[in-house]
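Work through the exercises below with the sequence and the structure side by side, and try each task before reading its solution.

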Amino acid sequence: MKPEKTDSPRYRRQKLAAIQAAASVFSEKGFHGASTVDIAERLGIKQGSLYYYFDSKEEALEDVCLYGLQQYVENMDAIAARDEPFEARLFAVVSNHLGSYRSKSEALKVHNDERLYLPLERRRRLKALGSRYREQLETIINDGVAAGSVRDTIDSHFMAQSVIGMCNGLGEIIVRDADADVFGLARKCTDLLLQGTGPDPRQGD
């Protein structure tokens, strides 16, 4: 049974350490290859003590996925609320997305690779967060259309999915390469999205 005072700062620190240990184990071994013994050993505790933090291996996987998603979705909410030009907000979106792969690489890898092993009920919160992220990005794109920064023939839903897919693909590079330049990748990605592949119109000035 979990401790009653689960909102204490000490418990929150210990729970975060448990989530990070689970993320590391799931990232290395996958959900089916990992065990609660592996997670407990990574955390440096006995297996029975792990149940202070997770009722089951499924709950540990859900918590890891939520840990990977929640902050960068909240960051997206803040970006969508900014009164800034479309170009600045798009760069902030891409930087936030790619930066999450550097700060929470194991948790996001686990989310991308292992979340479908969760039962439907446990996936609903993850799906809701993912939908909220995409919808906020669609709002930013629609604002860009309204401001004349994005052509009005753009399908905001398709563009949002494309941006997310591109960022997730680049995220795999960041996970594999600790020396990858996240800021540089964000600039290149944003430039490609804004300018496409045609000649730079500025070169004729």
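**Exercise 1.** Find the side-chain partner that Gln47 meets in a polar contact, and then describe the setting of Gln47.

*Solution.* In this predicted model, the side chains of Gln47 and Thr36 are joined by a polar contact of 2.7 Å. To place this pair, note that Gln47 lies in the loop between helix H2 (36-43) and helix H3 (57-81). Next, leaving aside neighbours within four places in sequence, the residues in contact with Gln47 are Thr36, Val37 and Ala40. Finally, Gln47 has a relative accessible area of 35%, and because this value falls between the 20% and 50% cut-offs, Gln47 is partly exposed.

**Exercise 2.** Compare the span of helix H4 with the expected one, and state which helices its buried residues pack against.

*Solution.* Helix H4 covers residues 86-103, which makes 18 residues, and from its first C-alpha to its last it reaches 25 Å, close to the expected 26 Å. Its buried residues include Phe86, Leu90, Val94 and Tyr101. The buried residues of H4 pack against H3, helix H5 (105-114), helix H6 (120-146), helix H7 (156-176) and helix H8 (182-195).

**Exercise 3.** Determine how far Leu194 is from Leu90, both in sequence and in space.

*Solution.* Along the sequence, Leu194 and Leu90 are 104 residues apart, while in space their C-alpha atoms are 8.9 Å apart. Not counting residues up to four places away in sequence, Leu194 touches Phe86, Glu87 and Leu90. With 33% relative accessibility, Leu194 counts as partly exposed.

Key. Residues are numbered from 1 along each chain as its sequence is written. This is a predicted model: local features need pLDDT of at least 70, side-chain atom pairs count only at pLDDT 80 or more; totals for chains, interfaces and linings use all residues. Side-chain values use heavy atoms; hydrogens and water are left out. Helices (H or I, at least four residues) and strands (E, at least two) are DSSP runs, numbered from the N terminus. Buried means under 20% relative accessible area, exposed over 50%, partly exposed in between (1.4 Å probe, protein chains only). Contact means heavy atoms within 4.5 Å. A polar contact is a pair of N or O atoms within 3.5 Å; within protein, one must be able to donate a hydrogen and the other to accept it, and residues adjacent in sequence count only if both atoms are side-chain atoms. The expected span of a helix is 1.5 Å times one less than its number of residues.
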